[in-house]
Amino acid sequence: MPRLGLIFGDQLNTDHALLYALDPDQDFLVLGELAAETDYVPHHGQKIALIFAAMRHRRAELEADGWTVHYHHFDPDSDLRSFTDLVGALLAEQKVEEVVVSWPGEWRVLDEVRGWEQVLGVAVTVLPDTRFVSPLEDFQRWAAGRKSLRMEFFYREMRRRTGLLMDGKQPVGGQWNFDASNRKRWRGEPPSARPMRFSADEVTTEVLELVAGDIPHFGDLEGFDYPVTRAQARRALSHFISSALPHFGDFQDALPDEEDYLFHSRLSSSLNLGLLTPMEVCHAAEQAWQEGAAPLNAVEGFIRQVIGWREYIRGIYWLKMPEYAEGNALGNDQPLPAWYWSGKTGMRCLQRAIDATRRNAYAHHIQRLMVTGNFALLLGVVPAEICEWYLAVYADAYDWVELPNTLGMVMHADGGLLASKPYAASGKYIQRMGDHCAHCRYRVADTLGEDACPFNALYWDFLARHRAQFQSNPRMAMMYRNLDRMDEERLAAIRARAQDLRAGVEEL
Ligand code: FAD
Ligand code: DLZ
């Protein structure tokens, strides 16, 4: 009897474990475009189009390699809505020995798969997901018994394990981390480098028409230019290495008003679909440094994001799920403002970040962390609502990576497991890192008054509201010293303004 290998839409890697475990002469593969997956959050249209286009291109490659592929095309009227429906229907058509998958990217999907023995009466094997450098068991071993699970220590371990930027047992340049040199404001020079754009071929055009006509979605479809095959993703990688990597470090934290990408790579969607491997992007960056084409602060900064943050975030997700998703350590109760979806707000930094999100299904890390994230933190948004937003709106968003970044890093809703202090900041930070404030209707220098930057009052109010949690955190000592210098009357006025801002948030 044949085995059925189900490939999830974000696991299009050429080293997928199924391709080694199954036999193309006997077994068959399944890929499915499914309404349950397009519906569970209101995804960006470009995200759905990217996944479908990449799946369809991958199907053709697998068939060319001699695999039999059962491909389920999206049909809004189909009864086959979920992975379970699709696998169940195939099992009704033909007997199979077992269903084989690789570890999915979402706890929700793993839970569904684990039910199949019971629901569908079939044996199920779950193989490792080879899209990562660190197997989950290694992360669990690293985490076991540690009091603190800080990324920096995990990252050093990963540098040693991969040998990236190592000189024997020591980090090249004598330092593990060059972040201190990576906080420059960008003033228009050097000119920004944009990601490589790919025009839609026949397959992608068909998918874009399908999404436009048949699938409810968020955001714009026009301008879709993502790489949808491994060959395209490799070209996007080379383009990034030569055009943007040299300046990636210096301007990693910059917040320019007019630039959507600056020197960021936009490689996350390709990495997360398995079109690129994390080691090949790191090797390409390391080689640029070896050849003198990119400085160490840039290359180290980039490699840290990939073998550090990306692997660590995934490790935390699988270590802590499913309880992790329930976290609300700061007791937040505010709804997400409706303008997170429309972008209609007078706060320039938020308007620019949301506008870029709507146009590109992309915003760079500092926009996600210090603009849309910071505002939700200061406002006190219910973590589940802001998590749903991030999961929906970005082309690179899957639960394993979105959830710890949003719930942990941004909202501090995991009680500080992931970040030693909340990334709370006033308008001053946004002003320092870019030029949004110069174009804003609110005055960043003011905290009180109708025209004062809302970030300011909300920031002081955040510190005051959460004094009990954070006052004794040494990394926040300076913030509390500044708060304590404020006279009582002024603080009361600021807190009243913060209350008014919360009540009238939809009008900001
Ligand atoms: P670059 O700035 O060029 O960085 C290079 C690569 O490093 C990225 O492609 C990515 O693979 C990796 N990386 C960098 N930071 C992180 C991080 N914190 N976690 C994981 N990988 C990282 N990233 C996602 O891939 N999917 C998400 O759903 C996602 N949601 C996020 C939500 C919030 C609230 C925040 C603060 C961050 C989120 N990130 C997410 C991390 C990061 O913002 C994106 O990976 C990055 O902006 C993608 O753009 P880029 O490819 O140009 O990245
Ligand atoms: C995000 C997504 C979307 C929009 N559509 C599909 C789909 O139609 N078929 C599919 O196999 N996967 C899709 N995905 C990704 C899944 O929601 C989920 O993130 C992965 O299965 C986890 O590995």
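**View 1. Surroundings of ligand 2.** A backbone N or O atom of Gly-9 lies 2.8 Å from an oxygen atom of ligand 2, a polar contact being a pair of N or O atoms within 3.5 Å; within protein, one must be able to donate a hydrogen and the other to accept it, and residues adjacent in sequence count only if both atoms are side-chain atoms. This is a predicted model, in which local features need pLDDT of at least 70 and side-chain atom pairs count only at pLDDT 80 or more, while totals for chains, interfaces and linings use all residues. Residues are numbered from 1 along each chain as its sequence is written, chains are lettered from A and ligands numbered from 1 in the order in which they are written, and side-chain values use heavy atoms, with hydrogens and water left out. Ligand 2 is surrounded by 18 residues, and the closest are Gly-9, Asp-10, Gly-32, Glu-37 and Gly-105; a residue counts here if one of its heavy atoms lies within 4 Å of the ligand. A polar backbone atom of Gly-32 is 2.7 Å from a nitrogen atom of ligand 2. In the side chain of Glu-106, an N or O atom is 3.0 Å from an oxygen atom of ligand 2.

**View 2. Surroundings of ligand 1.** Around ligand 1 there are 29 residues, and His-264, Ser-265, Arg-266, Tyr-362 and His-365 are the closest. Tyr-362 places a polar side-chain atom 2.7 Å from an oxygen atom of ligand 1. A polar backbone atom of Leu-267 is 3.0 Å from an oxygen atom of ligand 1, and one of Asp-396 is 3.0 Å from a nitrogen atom of ligand 1.

**View 3. Helices α17 and α18.** Helix α17 (residues 365-379) packs against helix α18 (residues 383-393) at an angle of about 150°, with the axes 10 Å apart. Helices (H or I, at least four residues) and strands (E, at least two) are DSSP runs, numbered from the N terminus. Axes are lines fitted to C-alpha atoms, for helices over the stretch in contact, and angles run from 0 to 180 degrees between N-to-C directions. α17 is therefore roughly antiparallel to α18. The contact (heavy atoms within 4.5 Å) is made by Arg-368, Thr-372, Gly-373 and Ala-376 of α17 and by Ile-386, Trp-389 and Tyr-390 of α18.

**View 4. Helices α21 and α24.** The axes of helix α21 (residues 454-465) and helix α24 (residues 488-503) cross at roughly 110° and come within 8 Å. The two helices, α21 and α24, are therefore roughly perpendicular to each other; angles under 35 degrees count as roughly parallel, over 145 as roughly antiparallel, 65 to 115 as roughly perpendicular and the rest as oblique. Residues making the contact include Trp-460 and Asp-461 of α21 and Arg-497 and Leu-501 of α24.
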